[in-house]
Amino acid sequence: MTDLVLDAAVELGFVESATLRRGLRSRTVAHDRLVVVVGPAHRWARRSALRVDELLAGGLVVRERGSGTRETLERGLAAVGERLPDHLPYLGSTAALKTAVQHGGAVAVLSSLAVADDVARGSLVRVAVPGLELDRRLRMVWKDGAALSSGARRIAAAAAASSG
């Protein structure tokens with residue numbers, strides 16, 4: 001997304017990455033927390049908590065490199081002295097990860113906002129991992145020095161209003 005904004009293909013973008021590329025401005029519009037989810041039939045679905053080492057060895061499927069979700073997970077793991085194993089399978093979207101969890105027995109770390117409805121319906125189950133901090137900011141980004149169109153200004157104003 002940041003490439004599209006920097007190349008002026010789009011005026012505004014929304015990202016969850018912890019770092020920003022040079023030439024961008026940003027404003028936090030929401031806060032999120034990543035959560036571990038499994039399917040309701042998964043052996044961990046009735047567990048109250050997991051250890052980090054169990055999570056890393058237990059069928060974890062992750063987002064692709066460069067994803068803000070993956071960056072947040074990697075940063076949280078580094079804070080507790082761990083890292084993602086090199087051999088983990090990865091998928092390119094939240095929807096693909098949710099499907100792998102619901103129907104393939106996988107384990108995923110996803111946005112609490114993105115899985116809230118699934119958890120409420122019971123198609124996904126959250127499992128705590130004490131000590132693993134996975135908070136993040138969701139930000140609106142635009143090209144530094146760019147004059148936004150009236151439509152982009154309206155979108156930016158609505159996003160800013162929802163964050164306050």
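A quick definition before we start: a helix here is a DSSP run of H or I with at least four residues, and helices are numbered from the N terminus. Please keep in mind that this is a predicted model.

With that in hand, look at helix H5, residues 112-121, which holds both Arg121 and Asp118, 3 residues apart, or about one turn of the helix. Their side chains form a salt bridge, with the closest N and O atoms 2.7 Å apart. Are the two partners buried or exposed? Arg121 is exposed at 60% relative accessibility, whereas Asp118 is buried at 5%.

The whole structure has 12 salt bridges. One of them joins Asp32 and Arg136, at 3.1 Å from N to O. That pair ties together distant parts of the chain: Asp32 sits in strand S2 and Arg136 in strand S7, 104 residues apart. Asp32 is buried, at 6% relative accessible area, and Arg136 is buried as well, at 8%.

Glu133 lies in the loop between S6 and S7, 100 residues from Arg33. Here Glu133 is partly exposed at 49%, and so is Arg33 at 35%.

Which strand gives the most to the lining? That's S2, with 4 residues. Overall, the lining has 8 nonpolar residues, 2 charged and no polar ones.

How values were computed
Residues are numbered from 1 along each chain as its sequence is written. This is a predicted model: local features need pLDDT of at least 70, side-chain atom pairs count only at pLDDT 80 or more; totals for chains, interfaces and linings use all residues. Side-chain values use heavy atoms; hydrogens and water are left out. Helices (H or I, at least four residues) and strands (E, at least two) are DSSP runs, numbered from the N terminus. Ala, Val, Leu, Ile, Met, Phe, Trp, Tyr, Cys and Pro count as nonpolar, Asp, Glu, Lys and Arg as charged, and the others, Gly among them, as polar. A salt bridge is a side-chain nitrogen of Lys or Arg within 4 Å of a carboxyl oxygen of Asp or Glu. Buried means under 20% relative accessible area, exposed over 50%, partly exposed in between (1.4 Å probe, protein chains only).
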